[in-house]
Each structure stands twice: as C-alpha cells, then as structure tokens.
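Welcome! Let us take a walk through this structure together, one part at a time.

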Amino acid sequence: MTKTLLSLRVNGETHTVAAEPHHTLLEVLREELGLTGTKHGCELGECGACTVLVDGLPVLSCLTLPIELDGAEIVTVEGLANGPQLHPLQTAFAEEAAAQCGYCTPGILMSAKALLDRTTTPTREEMAQAIAGNLCRCTGYTAIYEAIEKAGTRMRS
Amino acid sequence: MSEFSVVGKRSPKVNVWGHLTGTARYADDIILPRMLYGRLLRSTQAHARITKLDVSRALAHPGVVAVCTGADMPELMGIMPSTQDETALAVDKVRYIGEPVAAIAAVDEDTAYDALSLIDVEYEPLEPILTIEEALTREDVRIHETSGRPANVFKDVHLEFGDVEAGFSEADHIEDAWYFFEGNTHAPIETHSSVASYDGDGKLTLWTSTQVPHYLHRELEKVLGIARARVRVIATPNGGAFGGKSDPFAHEFAACWLSMRTKRPVKFTLDREEVFYAHRGRHPVLMHLKVGARKDGELTAAHFQSYLDGGAYASYGIATTYYTGALMTVTYRLPAYKFDGVRVYTNKPPCGPKRGHGTTQPRYAFECHLDKIARKLDLDPVAYRQRVLQPPNSRTVNGLRITSMGLGQCLDEVQRATRFSERHRQLPRGKGIGVAGSAYISGAGLPIYWNEMPHSGASVKIDRGGGVTVYCGTSEIGQGSDNVLATVTAEQLGVLPEDVHVVSGDTSLAPVDLGSYSSRVTFMAGNAVRQAAGRLRELIVAALAEKWGIPADRVALAYRKAYDLADPSKAVSFAEAAVLAESVHGTLVSVGSYKPPRGIGGDYKGAGVGPTPAYSYQAAVAEVSVDLETGVVTVERITEAHDCGRALNPPSVEGQIEGSAYMGYGEAIAEEQVFRGGLHKKPSLLEYNLPTSLDTPEMRAIIVETVDAEGPFGAKEAGEGPLNPVIPAIANAVYDAIGVRFDETPITAAKVLDALQKNKERVGPDGLGSQKDQKGALRRLSASTAAREKKRTPPVGTR
C-alpha cells in the first residue's frame with residue numbers, strides 16, 4: 001500500500017505525516033505521531049477508549065480516517081493540560097479516584113471536556129449521557145461523576 | 001487526630017498522573033526499533049484433529065519474517081503445576097473455537113494479518129462436548145484422551161465435616177434447590193498485549209499485561225527451554241484484568257519464541273474478539289444446595305454440590321473447584337457440612353478465575369437460599385443473618401481460622417443506610433429490596449506451587465537525598481497496588497506517598513511477589529513492605545536517638561521530618577536523618593517478606609484451598625424495579641458495606657466496592673458468555689452487553705474497619721469480596737418485587753417476562769438430567785447428538 005502525505009493539527013501543532021490512507025486516526029496518532037495516550041479497546045467503535053476531540057466534539061478515532069480531517073483541530077489527552085497547568089478534570093479525577101486502571105480514562109476525559117465546555121453545571125443524567133459511549137470496567141462510574149462535578153465547579157470559579 | 005500521618009488519608013494514587021496525562025506506558029504503547037508485529041491463527045473448530053498444518057506459503061509472503069506452530073513449543077504448560085494440560089499453541093488437536101494454532105511475525109500488523117490466510121490448516125472434526133451433562137456421560141468422546149478420569153471429568157472432590165446426617169435430622173425445615181450461575185467474562189478495556197525482546201547478550205525481556213509475572217517467568221523457562229536466570233518479565237500497567245490476565249497465554253510464548261528466532265523485538269496485541277477466546281472467566285456452575293434449619297433459623301447442616309463447566313483446559317480449575325465449596329462456612333455458623341464438586345472439560349474457551357474466584361456462584365446460591373429460609377420461617381433477612389453469624393476468632397467446621405469478622409457491622413450499616421427492614425415486603429408490586437452477605441480471602445494461604453519461601457518479598461532503599469524507592473514484584477492492574485506499596489513505605493518512614501518511587505512487577509529488579517490474584521497484595525505485599533521499611537525506620541531512629549541522647553521511642557518520623565516527641569523543636573529533615581543513618585549504619589537498603597502463618601486451615605486433602613490470613617466481609621442491599629409489561633429489571637441503587645480491616649486509602653477502597661458492585665450488577669442482569677454449537681454467540685463488547693453509564697445503578701459504598709491484628713496497619717482485602725453479595729441481593733430484591741425466585745443468572749428481561757406471563761414462581765434448573773432420570777437424560781443426549789450429526793453430514797446425493 002502506498003502512503004499518503006497528511007497534514008494534521010493535533011494539540012495545537014501542525015504535523016505532516018506519511019500514512020497509509022486506510023489507517024485510522026487512532027493508528028496515525030499512536031503509531032505515526034507517538035501519541036499513545038489515546039487507547040484502543042475494540043477498534044470497532046464500541047468502547048470509547050479512543051475518543052478524541054475534533055473541533056471540540058468527541059469522536060471515535062478508531063472509526064475516523066485522518067484524510068477527512070484536513071484543517072480540523074484535534075485534541076488528545078496529551079493536549080488536555082494547558083502547558084504545565086493541568087486541566088481541572090485531571091486534578092479532580094486524581095482526587096476523586098476516578099481512574100483505576102486508567103485505560104478508559106483518556107477517552108472519558110475527552111468526552112467530559114466536551115460536556116464541560118458546553119456547561120459547567122451538568123446534571124448526573126447529562127454526565128451519564130455524555131460518557132455513555134465510554135465503557136469503564138473498573139469504577140462503576142460513580143467516582144467519575146463526582147470528579148466531573150468537581151471540575152465543573154472549579155471551572156466556574 | 002489519627003495515629004497515622006499517611007494511612008487513611010484521602011490522597012490521590014501515586015501512579016494516577018500517568019493515566020490522566022496519557023504518559024502511562026501500557027504494553028501496546030511500547031514501540032521498539034526493528035520491532036515485528038505478531039498475529040495468532042485461531043481454530044475454527046470446536047473439537048478436531050489437525051490433519052495438516054503447512055506454514056510455507058505464509059513464510060514465503062513478503063514481509064513475513066517468522067512463523068511458529070505448536071510443534072515448536074510442545075512442552076505442557078499451565079498455571080497450576082499439578083494439572084498442566086495446555087501447550088502454547090495447539091499440538092495435533094484443537095479443543096475450542098478460537099484456540100491458537102500458529103503465530104506469525106511480520107514487518108507490520110497488516111502484513112501479519114494478511115498472511116494468516118496463507119497458513120494451510122486442515123481439520124478432521126470430532127464431536128464437540130458442549131454441556132456439563134454431555135461431559136459427564138460421554139465416555140466415547142474424550143476432549144483430553146489421557147486425563148485418566150471418567151468421561152470428560154477434570155476433577156472431582158468430596159469433603160465432609162461434622163455429622164451431616166444428624167444435622168439434617170435435627171432440622172425443623174429443610175430447604176433444597178438447584179441453581180445455575182451462567183458463565184461470564186472479565187472484559188478489561190485493555191486487550192492482552194506483550195512485547196518480547198531477545199537481545200544480543202542472550203537475555204530475553206518480556207513486557208506484558210499480566211497479573212502474575214513470577215508464575216509466567218517459571219512457565220517461560222519450561223516452554224522456551226531458556227534458563228529462567230536469562231529471562232526478565234516486566235508486568236506493564238494492566239488496563240484492567242479482574243483475573244483474566246493471570247494465566248500464561250499463547251501470545252506471550254509466541255512473542256518470546258519469535259523474538260528468539262528473529263533476534264528482533266516482537267509485539268502481540270490481541271483484538272477484542274480474541275479476548276473472548278482467551279477468556280479464563282467465570283465458570284458456569286450448576287449447583288445443588290440442601291440446608292437444614294431449626295425454627296429459629298439456626299443452621300444445622302448443609303450439603304452443597306457443584307458442577308463446573310470448565311471449558312477446554314485446566315487453568316486454575318482445581319482451585320476453582322475447591323473454592324466453590326470452601327468459603328460456605330466462614331459467614332454463618334454451620335455445624336455440619338458436606339461438599340461434592342466436579343469440574344468437567346467442554347469444547348469451549350477455558351474458564352478460570354474472575355473476581356471472586358469460584359466463591360461468587362455458591363455465594364449466590366447460599367444467600368438466595370437464606371432468603372427463602374427467612375421467608376419460610378417468617379424472619380427478617382437482616383436480623384436472621386445477624387443471629388447466625390460465625391463469631392470472630394473462631395474455627396469453622398472445615399477447619400478455617402476466622403480472625404477479624406465484620407459481617408455484623410456491615411449488615412448494620414446497610415440496614416441503617418437503606419432502612420431495609422422497614423421496607424422489605426412492604427413495597428408495591430414491581431418494586432423490591434433484597435439483602436445478602438458474603439466473604440472473601442485476603443490472599444490464598446498457599447502458593448500455586450509447593451515451596452517454603454515467602455509469598456511476598458520487598459526491598460526499600462533510601463538515597464542520600466532522602467529519596468525512597470520500594471521494590472516489590474506485585475503487578476499494578478488498576479487496583480492501586482503501587483499506591484499500597486508507597487503508602488505503607490511512607491507511613492513507616494515518615495515521608496509522603498508521592499515521595500516514594502515504586503518499582504513493581506519486574507522479575508529482575510524486584511523481589512518475588514506471587515502476583516495480583518486472590519486479593520493478596522494489600523495484606524501480603526503490604527506486610528512485606530511494612531517489614532522492609534520498618535527495618536530502615538529502626539536504623540534512622542537509632543542513629544537519631546544516639547545523637548540526641550534520648551530513648552528511641554521518643555524519636556518520631558512524620559511529614560518528611562524526624563523529631564523528638566518530647567521536644568518537637570528538636571527536628572531534622574528526613575534527608576538529613578537519612579544521611580546520619582547511612583553514616584552510622586552504612587548503605588540504607590533493607591528487605592522484608594511475608595508468609596501466612598501455619599495452622600490457619602484444616603489438615604485434610606483439599607485443605608489447601610480456603611485458608612487465608614484474614615477474611616474480608618461485606619453486605620449489600622439492592623433496590624430494584626421490575627417493569628411488569630416488558631420484564632426489564634432496573635436496579636435503582638446498590639448500598640454496600642465492606643469490612644476491609646482498615647482502609648489504607650479510603651478512595652481506593654470505595655472504588656473497589658463501587659467497581660465490584662457494578663461488575664456484580666452486570667453479572668446479575670446482563671452478561672453471559674454463551675455459545676451456539678461451540679461458537680461464541682457474542683464476542684464483542686456491544687453484543688456481550690457490558691453495562692454503560694446509563695445502565696449502572698446508583699451506588700453507595702460504606703467502609704467498615706475491624707482493624708485486623710495481622711494485616712498491615714490492620715488492612716484486609718477490598719478488590720474481590722464486594723462483588724459477591726451484589727448478585728444474590730439483586731435476585732432477592734427481584735423476588736421481593738414480583739414474587740419470582742431467580743435461581744439462575746442472568747435475570748434478563750426475556751426470562752422475567754416469560755415468568756410473569758406463565759405465572760411461574762421460580763426460574764431455575766431442576767437438577768442434573770442424569771441424576772433425576774438417567775435414561776431420559778441419555779435419550780435426550782443421543783437425540784441431540786443425532787441431530788448435530790445430521791446437520792454436519794450433508795444428506796447422500798447432495799455432495
């Protein structure tokens with residue numbers, strides 16, 4: 001298979017990558033750009049571990065072809081912190097023990113960021129909806145809700 | 001004020017930052033120069049002889065670098081040394097659909113995948129054995145020809161304690177029922193992954209997502225024929241495991257073999273479907289339980305029979321079989337107990353240990369049974385359980401030593417939080433509330449291979465800048481074991497957990513710990529670290545006491561300082577104290593180890609499974625609503641209290657309780673690992689139906705602390721026990737809601753609706769066909785066999 005040159009905006013930086021056109025955004029992020037923070041649990045769009053933000057909206061990177069993303073702003077877990085300043089979600093997830101094995105965490109953080117960018121006062125129902133596509137096998141979700149609430153509170157102040 | 005400076009504080013886990021920033025390095029995140037990518041060819045047959053296996057076309061494919069088959073690694077292996085019946089890749093015969101047959105290493109994943117179709121494999125199909133009944137009765141079809149037991153029996157065990165017959169004759173009421181617990185799987189979000197690198201110095205390193213680096217280390221030596229001294233296993237952070245990564249796996253051996261052959265690193269990462277075949281999950285178990293009780297509810301005797309559908313290989317099956325019987329006695333007083341367990345082979349992916357290992361299924365049966373007895377005798381289910389509790393500091397009828405025992409407090413807590421007794425039997429039809437209790441081990445009393453060595457070893461080093469490093473062979477699977485090591489070290493030395501460097505899961509750098517299974521790490525590794533760090537603490541304290549001219553017990557270490565308790569203004573930093581101690585005593589490195597005490601179990605064959613240095617206890621209340629039109633069971637809330645001895649890190653303990661409650665909920669309502677003609681029916685996360693955030697009930701976790709005398713700072717396990725009471729609590733709540741006993745799992749909407757429409761009082765098995773009506777069972781068996789034969793053989797003339 002011949003590789004194609006792609007230009008991708010990831011975490012505020014422009015990358016020119018040579019990748020096979022059938023490779024997914026997930027594969028290109030992990031294998032070509034070395035951004036292994038984005039995880040995969042199924043590569044079928046069922047688990048949500050690979051969730052990244054494209055122009056502010058959560059997408060499953062395992063079902064997205066990078067060729068469709070010319071000019072789009074992609075944000076991965078590596079781009080969540082503002083330089084050395086952690087995102088309120090990151091500190092809240094640590095304090096509330098919302099990450100156990102941590103494998104679904106990058107995807108959940110991205111879904112949660114999209115939610116909090118929309119509203120910093122989400123209800124439990126809105127939180128459950130926002131992460132309904134992200135399977136977590138460790139926490140039972142409770143600590144995740146508590147962390148999102150806490151991060152929302154901190155983002156308001 | 002707490003007597004501790006670190007223990008019991010709600011601080012973040014020391015290793016959480018990597019998870020939150022994307023820098024944690026899981027096995028599949030490892031990319032090495034010149035690395036090859038591996039894929040496994042898996043069997044398409046449930047039971048067949050391999051008549052041809054030719055890899056030459058695959059090997060000739062551009063980009064393929066090496067291929068291996070079962071013939072390259074024919075040595076028998078398996079986690080339990082006494083029952084090894086597997087090979088790394090199938091040899092001559094396949095025993096389940098999805099069994100690894102050959103492995104390819106290629107320059108990239110696409111090439112490896114494409115080349116799988118170039119392996120020429122032919123099978124001669126054999127009749128598959130798919131049910132417990134078939135396995136027990138079909139002498140003519142043997143999954144393992146050389147097993148030496150009748151038909152397809154893997155193991156049968158029989159134990160009897162006390163006078164069971166007399167116990168039943170003293171009973172005023174005998175409750176007798178059959179139960180079936182459906183099999184299910186772990187489904188960690190991280191699929192299994194391994195990277196092997198055989199380097200120029202003749203040493204092999206395997207990074208792998210495993211719970212048991214030490215046991216894997218032993219098996220690699222056996223199968224690969226390379227001295228263990230030249231092999232290093234590094235357990236990478238596991239993206240969830242739950243028991244599913246505690247066997248040695250085909251991809252681990254294949255990665256090593258192919259790396260040794262090619263002298264290049266080789267990576268294998270399973271895809272999601274493959275994880276359903278790797279399995280080693282919860283055994284489907286058919287159970288028969290007979291319990292005698294007096295009018296006041298006091299139990300007089302119990303007879304429990306379990307039939308475990310083990311799948312194609314042993315895995316931990318011998319332990320699983322014993323575990324279905326062993327822990328029945330540790331919760332409620334039982335003067336006489338008989339246990340018969342049988343595990344059979346079937347042509348399905350091997351079952352093994354899943355969270356609660358072998359105790360989850362019988363606990364479900366027993367706690368549903370107690371609910372029935374309470375109802376018959378008109379007793380409140382909470383008060384009844386409280387009345388018949390096994391006392392602390394006692395022995396059970398099967399010889400198990402009980403020390404701290406907090407089931408009573410757990411029941412009090414859930415009662416208080418839910419007002420259970422006021423609401424039970426009082427809610428409108430369709431709404432229900434149920435309760436159950438349970439127990440689990442804080443680590444198995446014996447290792448899986450017989451030896452006199454410690455179960456856990458640890459080492460602690462302090463450098464001249466006051467830097468502290470703890471080394472221990474535990475595997476971090478998300479349960480927080482690295483944080484346990486850091487917490488215990490920090491408490492002993494008077495630093496903070498975030499100051500401690502943790503080196504875990506590395507067989508070259510860290511002393512042996514047996515692994516992250518049987519909920520053993522907090523208790524056993526915690527005690528080993530406590531001893532190792534305690535020895536350094538003594539050296540620091542002695543050096544300061546001498547310098548300050550005060551008795552040693554006046555020297556305190558806390559919050560990165562050492563000070564005189566009588567005169568806190570006399571203080572030095574921890575780093576200064578470390579320099580002084582090294583000047584006086586020499587290099588500051590210490591070791592510690594832990595081995596469970598003797599005499600904590602019985603003295604009979606089979607007594608090795610069940611003993612533990614301390615049992616955890618838990619109670620759960622489930623509140624459900626059942627939609628009478630659709631049969632959908634909604635679990636509104638689960639309230640669970642758990643006796644963890646002492647919570648070293650309360651958020652982690654609460655996380656284990658909530659995660660266990662979630663997982664138990666999934667097993668009770670939705671999850672099942674089921675097959676059609678040997679083919680997995682639902683090998684994807686979507687079809688398997690993992691509960692999402694929208695399904696998962698509201699959960700309330702309550703920590704009960706009984707401060708165990710032998711646990712590190714009083715701690716016991718938290719990772720597995722809390723799953724156990726959730727399933728029977730839900731089943732009992734469903735009964736409270738609609739008056740239907742669910743003596744089988746999962747409690748799906750289809751089953752509920754069917755029961756409601758047919759006015760059934762009970763859904764569940766009636767027995768083992770061959771016992772009730774042997775001829776009838778065999779007739780059904782031969783009819784189904786004939787039907788299958790007919791399906792497989794096209795009618796004459798159509799070929």
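Predicted model: local features only at pLDDT ≥ 70, side-chain atom pairs only at ≥ 80, totals over all residues.

Now find helix α6 of chain B, residues 213-224: its 12 residues reach 16 Å from first C-alpha to last, close to the 16 Å expected.

Is this helix mostly covered or mostly open? α6(B) is mostly covered, with 10 of its 12 residues buried. Among them are B:Pro213, B:His214, B:Tyr215 and B:Leu216, and also B:Arg218 and B:Glu219. Its buried residues pack against β10 (204-208), β11 (231-235) and α7 (250-262) of chain B.

From here, look to the largest nonpolar core, which has 291 residues. B:Ala254, B:Val470, B:Ile540, B:Val726, B:Ile730 and B:Val734 touch the most other members. Helix α15 of chain B, residues 521-548, gives the most to this core, with 14 residues. In soluble globular proteins, nonpolar side chains tend to be buried together. For a view of one spot, pick B:Ala254: leaving aside residues up to four places away in sequence, B:Ala254 touches B:Gly38, B:Leu40, B:Cys68, B:Ala88, B:Leu89, B:Ala103 and B:Phe268.

Finally, turn to where the two chains meet. Chain B brings 40 residues to the contact and chain A brings 38 residues. On the side of chain B, the elements giving two or more residues are α1 (16-21), α17 (650-669) and α18 (685-688), and α17(B) gives the most, with 7 residues. By class, that side of chain B has 18 nonpolar, 16 polar and 6 charged residues.

Conventions: Residues numbered from 1 in each chain as written. Chains lettered and ligands numbered in written order. Contact = placed C-beta atoms within 7 Å. Helix = DSSP H or I, 4+ residues; strand = E, 2+ residues; numbered from the N terminus. Nonpolar A, V, L, I, M, F, W, Y, C, P; charged D, E, K, R; others polar. Core = buried A, V, L, I, M, F, W, Y, C linked by C-beta atoms within 7 Å. Buried ≥ 20, exposed ≤ 12 C-beta atoms within 10 Å, placed from the backbone. Expected span 1.5 Å × (residues − 1).
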